[in-house]
Every structure is written in C-alpha cells, then in structure tokens.
Amino acid sequence: MFTSLLERERLRIFGYIRTLVPHNSDAEDVYQHVCLTLWNRFSDFDQERDFFSWACGIVYYTVCNFRRSNKRDRHFFSQELIETMSQERIQHLSNHNLRLELLQDCFRSLPPADQELLLLSTLEKQSVKEFARQTGKTVQTLYNKLSSLRRDLAACVKRKLNHEGSES
Amino acid sequence: MTAHEIPPQFEELLDQCLDNRLTEDQFAEFEKMLHEHPEARKVYYDQLDIKSGIQNSNLERLKELDQIVRQGIASSPEQSSPPASKNSYAAVVYLFVAAASVSVLLLTEWLMTGHFFWDNSPEIVQNEQLAPPEKEQDLPYVATLARSFDCKWGNENPPQFSGQRLLSKNLTLLQGIAEFRFDSGVRLVLEGPTTINIDSANCATIKSGSFVLHGYESSPEFELITPQARFYDIGTEYGARVDEEGGTDLHVFQGEVRVQPEMELMEVSAPLIVTEGNARHIDTNRHEVIDLKPDLFKREVPGKPKSLTAVRQELLAYDSFHPDKIGDPIEFSNWHHSGFGWQNPWRRHINKMTKAKGKSLPQHSLQPSLSSPDQQIGCIELERGDTAWRTLERPIRLDTNAIYYISFFIQQSSEMQGSGYHYGNLSLVSERQEKQFRKRDSILFGINSDNFPTLLLKNQIHEKAPPLLPDTTYFYVAKIVASEQALDQVFLRVFYDNETIPEQEPLVWTCNSTPFDDSNIYQHVRMYAGKKGCYLFDELRIGSSWESVVNLESPTDPPRE
C-alpha cells in the first residue's frame with residue numbers, strides 16, 4: 001500500500017520539495033528524510049485522505065527543520081517565502097500529471113539537437129561544457145539557448161492547456 | 001514597474017538557480033524577486049516542472065533514493081533508522097551528538113529529581129492515558145458565525161472567518177460586533193467585551209457583556225442563561241447587558257420575554273413576562289423597572305451593502321456558456337472557452353483535451369429576464385451521457401478554513417422522460433481517487449431519475465421531495481463550509497421559478513449534509529446528463545460569498561453603480 005502510494009506521488013512530492021529547497025542535492029536529502037518519516041508514520045495516515053496532501057504536511061515540517069539545521073552554510077529561502085510557496089505550490093501541482101503529459105508532447109516536437117541539449121542540461125554541469133566544446137560554442141551561448149528552450153516549452157504547455165480543446 | 005511585472009533579470013537568475021549556479025548575492029536577489037512577485041513564483045514553479053519533466057533520469061534517481069531508504073528501514077530492527085543518505089559522516093556525527101545530548105539530559109534529571117523518568121509511578125502514566133484530548137470532530141455543529149465586524153477574540157482557537165460553523169464552546173469577544181446564527185434560527189448579536197458559551201442550537205450562556213437576541217418564529221423557545229436569570233424568547237427581539245457581578249438589564253424591543261430568576265428574589269418568585277417596550281434590572285438584591293434604551297445596543301452588525309465591484313472580486317469562476325462567435329449551424333458554436341477563472345476549456349475527459357460534447361444554444365437563456373436586464377444570452381444542452389469537465393484556476397479546498405458558494409441554472413427536458421438514467425448534475429471533483437474502483441471524490445448537486453433535487457457526497461445521499469418539474473428552470477445555490485481542524489458541511493438550496501432570491505443567504509436550505517471530514521482539494525467541475533437524460537445548464541458561478549453567486553448581472557460588464 002505504502003509503496004504504491006509513494007510510487008504514484010513520488011514526482012509530485014519531489015517537485016514540492018524542490019520548490020522549497022533551492023539546491024538539488026539538498027532536495028534529495030530532504031526527500032530521503034521525508035520518505036523515512038512517511039514510512040514511520042504511515043500507521044497515522046487516514047486512508048480516506050489524500051496521500052499527497054498528507055505527505056506535503058510532512059514535507060513542510062521536514063524542510064523547515066532541515067533549513068534550521070543547515071541554513072548557515074547553504075542557500076535557503078526565508079521561512080516566510082517557504083510558507084507562501086508551500087501553499088501555492090500544492091495548488092500548482094494539482095494538475096501536474098496533465099501538464100507532464102503535455103510537456104512530453106511539446107518536448108517531442110522540438111528538433112533533435114534541442115532535445116539533446118535539454119537532456120544534457122539535466123545531467124552534470126560538465127555535460128554542457130563538453131557539449132560546448134564539441135559544438136564549438138561558448139558555454140554561455142548554450143545556457144542562453146537552454147533558457148530560451150525552457151521558456152518555449154513552458155509557453156507550449158500553457159498554450160496546450162488553454163487551447164488544445166479547440167485544436168483537437 | 002507594477003507589482004505584476006517581473007524584473008527582466010529574473011529570467012537569468014532563474015536559469016542560474018535551475019542549474020545550481022547562483023552566487024550568494026544573486027541568491028538574495030532571486031529570493032527577493034520571488035518574495036515580491038507572485039508571477040515570478042509561477043514562472044519558477046513552471047520551470048521546475050519543465051526541468052524535472054524532461055529529465056528522463058529523474059524518476060529513476062528518485063527510485064534509487066527510495067531504495068536507499070528502504071534498505072535502511074529493512075536493516076533496522078526498530079524500522080526507525082535515519083535515511084542512508086550520501087552524507088553518512090554527517091549522520092554518524094548527528095547520532096553521536098544526539099546520544100551525548102540524551103546522556104546530559106538524563107544526568108541533569110537524575111541530579112535534580114533523584115530519579116529517571118522511567119521511575120515515575122505507573123498511576124501518572126495511567127492518568128495521562130485516561131485523559132485523551134477532546135477531539136473537535138466528535139462534537140456537533142450548532143451555530144454559524146454569520147457576520148463579524150472589527151472583532152478580536154480572546155480564545156486560543158477563535159472563529160477564523162464569517163460563515164464558519166461553530167461547535168458548542170466557550171468564546172470571548174474582546175472587541176467588535178459578531179452575529180451568531182444558531183441552527184434553530186435564532187440570531188444573537190454580541191458586542192465585545194462579551195463572554196458566551198454556546199451550549200446548543202437552543203441555548204447559550206452569557207457570563208458578562210452585551211447582546212441582542214433576534215428570535216425566530218419557527219424555532220423552539222431559545223434559552224439564554226445569565227448569572228442571575230434565564231430568558232426565554234416569545235417571538236422576540238431583546239437586548240441585555242450583563243455586568244461582572246451578574247446583574248442584568250433587560251430591554252425588550254419586540255414581542256415578549258419570559259424571565260426565570262436563578263434565585264428567589266425579594267420581589268419575584270415566579271416566572272415574569274416582560275413585554276415589548278419595557279425594560280427591567282435584575283440582580284440578587286433588586287428587581288425594578290428601568291427606562292427602555294434601545295440605543296445602548298448594537299442591534300445588527302454594522303456594514304453597508306457591498307459594492308458591486310467588491311462582490312465581483314469574490315467571484316472565483318464564472319461561465320455564461322455564451323460563445324464568442326455564433327457558428328453555423330448555431331448549435332456547433334464554440335461554447336467551451338467562455339467565462340473566467342478556468343485553467344482550460346470544457347473537455348470530454350478529465351485528463352484529455354478532447355472538446356466536450358454538448359449543444360450550444362447561443363440565443364437561449366435559462367436566466368429569468370426579470371432578474372437581470374443585462375442577461376447573458378447562451379446556454380448549453382447535454383444529453384445521453386454527455387460529460388463536460390473543466391478545471392478551476394482556484395480550486396475549492398476543504399483542507400483549509402474557507403467558505404465557497406456555487407450557483408447555476410438547470411432545466412430538465414421533458415423529451416427524454418422515461419424510466420431511469422435521466423438524471424443530470426453538476427459536481428466538484430477532486431484529483432484523489434478511491435483505491436478499489438479508482439473513483440474520484442466528488443460533491444454533486446443535481447436532479448435524480450425520480451426528479452428529486454439531490455446532494456451527494458462521501459457516502460451521503462440527500463434527496464428532497466417534491467420532485468422538480470421538467471421544462472422548468474431551477475436555480476441551484478450551494479454553500480460549502482470548509483474547516484481545517486473541524487468537520488466540513490455542504491448546503492444546497494433550490495430556488496423555484498419566480499422565487500425571490502434573498503440578498504443574504506437563507507436560513508432554510510433544501511438539503512443539508514451531515515458534517516463530514518474531508519481534506520480534499522476539488523479542482524475539477526463536471527456537468528453530466530444521464531444516458532437517457534437531456535439537460536440545459538446556464539450561468540455557472542463559483543464564489544466566496546452569497547452575493548457573488550446570486551448577483552445575476554454579467555460580471556464582465558461594467559458595474560452599474
């Protein structure tokens with residue numbers, strides 16, 4: 001039961017954590033703490049409730065504790081901003097699955113070279129540098145290109161959300 | 001630069017954040033922008049999802065992290081080990097520090113008390129176990145905080161918002177004016193400082209303070225208890241001031257009040273009737289006539305009617321089903337995109353973008369012409385299993401303290417009358433699915449196959465006679481009271497043709513749910529016609545106040561104020 005619920009919500013839970021924790025490796029640490037807490041407290045979970053909402057409550061407190069313990073040597077958002085974003089982001093993630101589906105459509109419609117660059121950017125920084133060396137472009141040029149591609153994708157998803165009804 | 005404009009440098013900072021390349025100063029600047037610009041936060045959320053969505057390895061990476069946690073759980077007999085994170089050195093240090101801290105605490109306790117906590121007598125532990133905290137969920141709702149003005153409350157868990165349902169409990173109003181509407185129909189207007197205990201839907205105790213009670217003719221006698229007397233209203237409006245010693249001045253504005261002194265007074269030993277236009281002082285030593293002074297009391301919560309602009313701001317979503325352009329043939333006009341407050345057009349399936357079926361009737365309206373000179377022409381017809389889904393920009397949240405109202409016109413066509421499956425409804429649907437049949441939670445308002453108005457939610461079915469008539473328009477207004485810490489409740493009122501719609505929400509509803517526990521977020525709206533049904537829907541409104549959903553002027557026209 002726990003495994004299947006976590007499996008279904010894993011991406012949304014991490015998306016929620018990543019919003020509140022600005023550095024990816026910190027977000028992964030928090031994610032592990034959250035998984036453990038969810039497991040340990042699963043007997044408290046009321047199965048009539050939404051698992052994601054319940055998990056978000058645990059995420060919120062885990063993030064706050066993590067921030068308190070680590071804020072001296074890391075980038076962390078203020079408590080006030082965490083609070084604001086935590087509420088907004090739960091709502092934003094409500095149609096996450098639909099947006100993910102639309103994103104895949106948008107991504108597949110890009111030229112293969114752009115797809116490759118976007119995929120590389122999700123790996124280590126070194127990959128972008130290596131790609132720059134191979135293609136004879138500057139790293140900054142590639143970052144600019146990445147920026148533009150991500151915005152195009154966001155616009156494409158938004159467009160599909162708003163207008164795909166009339167396109168179908 | 002307005003508050004809505006995102007500073008141009010935000011994009012660059014966002015990219016650097018996504019790629020973990022922000023310096024200290026840049027991070028501070030980035031954080032400031034997120035803090036000040038809600039639109040920037042939206043872009044941030046979108047971009048996080050874009051990045052994680054294209055990262056094929058993201059899901060695999062998370063599975064890998066899950067696996068590490070599971071291994072940690074499996075290897076620990078107590079199943080409580082911290083996650084085997086990458087920072088294993090930090091974890092060891094953490095454990096060492098934790099163990100040292102516990103040792104210091106135990107030593108301190110032994111030095112101060114002479115024993116350790118596990119040496120406590122078993123009775124203390126048992127007493128703690130015998131007194132579990134009272135759960136608010138187990139108590140019944142008896143009243144509603146109808147309105148409030150400039151209120152400060154002195155309790156730990158004060159009422160949070162107008163419209164909130166109230167349990168029987170003690171409340172201290174330090175300042176301001178608040179109106180409670182008891183479920184028996186009686187209204188009580190309190191002026192701070194006043195301490196009240198809501199005993200039941202028919203009884204309240206005022207320890208001290210000032211209040212005005214408005215009786216309700218259909219309700220049983222309302223008992224109001226003060227330290228020196230009990231008052232029973234007889235078709236009444238009366239005010240009373242209770243001083244710190246319990247002495248009470250009673251002023252009867254309308255009807256009569258029966259007074260039952262708590263103790264045998266010198267002059268009064270039997271119940272006394274105080275009639276309209278009279279006032280009395282009652283305490284342990286004296287009972288006498290005093291001058292009637294209605295001006296001493298706040299008889300209603302102040303506040304002028306809201307401006308139309310304010311009412312419109314309380315409207316969260318709206319659809320007139322009026323197509324932008326009338327198509328040819330007209331029933332194919334594109335009605336799917338009208339209105340505001342929606343994330344997307346009306347669709348056939350919840351998670352697919354195929355346009356919803358349904359006939360546009362752009363030259364027809366269910367809205368009674370007398371209700372609004374600016375009526376929006378256009379409504380839609382769904383039949384034979386047609387379904388239309390739309391997602392709200394601002395969902396209805398039952399996991400927080402809030403109040404929502406929904407209104408729409410509905411009409412069943414007589415053409416499809418037959419046995420069964422000719423129901424039609426509008427429901428709010430959550431993302432959450434029930435495990436066994438993967439059915440989504442919903443709150444449904446509609447007409448069943450027996451033509452009864454129906455409210456359905458979480459194992460509750462509320463149907464009300466008499467049946468509704470085909471080819472007749474009904475105006476449905478529902479109220480959802482959401483509570484974070486207590487139970488939620490839903491009310492439905494069906495207004496018949498030509499019935500006057502009150503400016504304030506009614507006391508009497510067609511269907512009331514029993515209180516239920518729900519923390520769902522309802523972001524989808526679904527309209528549905530049963531497979532032998534044919535229904536017209538029109539003028540859908542979702543708002544945060546009664547006024548916002550019963551004001552039938554077009555919210556897109558300039559206000560006529």
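## Packing of α1 with α2 in chain A

In this predicted model, the crossing of α1(A) and α2(A) is right-handed. The two helices pack at an angle of about 145°, and their axes lie 11 Å apart.

From α1(A), the residues A:F2, A:L6, A:I13, A:F14, A:I17 and A:R18 take part in this contact. They meet A:A27, A:V30, A:Y31, A:V34, A:C35, A:L38 and A:W39 of α2(A). By class, the residues of the contact of α1(A) with α2(A) comprise 12 nonpolar, no polar and one charged.

## Packing of α1 with α3 in chain A

Helix α1(A) also packs with α3 of chain A, which spans residues 51-70. The axes of α1(A) and α3(A) come within 10 Å and cross at roughly 35°. This crossing, too, is right-handed.

On the α1(A) side, the contact is made by A:L5, A:E9, A:R12, A:I13, A:Y16, A:I17 and A:L20. The α3(A) side supplies A:F51, A:F52, A:A55, A:C56, A:V59 and A:V63. The contact of α1(A) with α3(A) divides into 11 nonpolar, no polar and two charged residues.

## Overall organisation of chain A

Chain A has eight helices and zero strands. Read from the N terminus, its elements therefore follow the order α-α-α-α-α-α-α-α.

Of the 168 residues of chain A, 37% count as buried. Among contacts in chain A between residues at least 6 apart in sequence, 68% join residues at least 24 apart.

## Interface between chains A and B

In the interface, 57 residues of chain A are in contact with 56 residues of chain B. The elements of chain A that give two or more residues to the side touching chain B are α1 (2-20), α2 (24-40), α4 (79-92), α5 (96-108), α6 (112-121) and α8 (139-167). Of these, α8(A) gives the most, with 11 residues.

The side of chain A that touches chain B is made up of 22 nonpolar, 23 polar and 12 charged residues.

## Helix α1 of chain B

In chain B, helix α1 covers residues 10-18. Its buried residues include B:L13, B:L14, B:D15, B:C17 and B:L18. Just after α1(B), B:N20 takes a positive phi of about 55°.

Key: Residues are numbered from 1 along each chain as its sequence is written. Chains are lettered from A and ligands numbered from 1 in the order in which they are written. This is a predicted model: local features need pLDDT of at least 70, side-chain atom pairs count only at pLDDT 80 or more; totals for chains, interfaces and linings use all residues. Two residues are in contact if their C-beta atoms, placed from the backbone, lie within 7 Å. Helices (H or I, at least four residues) and strands (E, at least two) are DSSP runs, numbered from the N terminus. Ala, Val, Leu, Ile, Met, Phe, Trp, Tyr, Cys and Pro count as nonpolar, Asp, Glu, Lys and Arg as charged, and the others, Gly among them, as polar. Axes are lines fitted to C-alpha atoms, for helices over the stretch in contact, and angles run from 0 to 180 degrees between N-to-C directions. A crossing is left-handed if the near helix is turned anticlockwise from the far one by less than a right angle, and right-handed if clockwise. A residue is buried if 20 or more other C-beta atoms lie within 10 Å of its own, exposed if 12 or fewer, and partly exposed in between; C-beta atoms are placed from the backbone.
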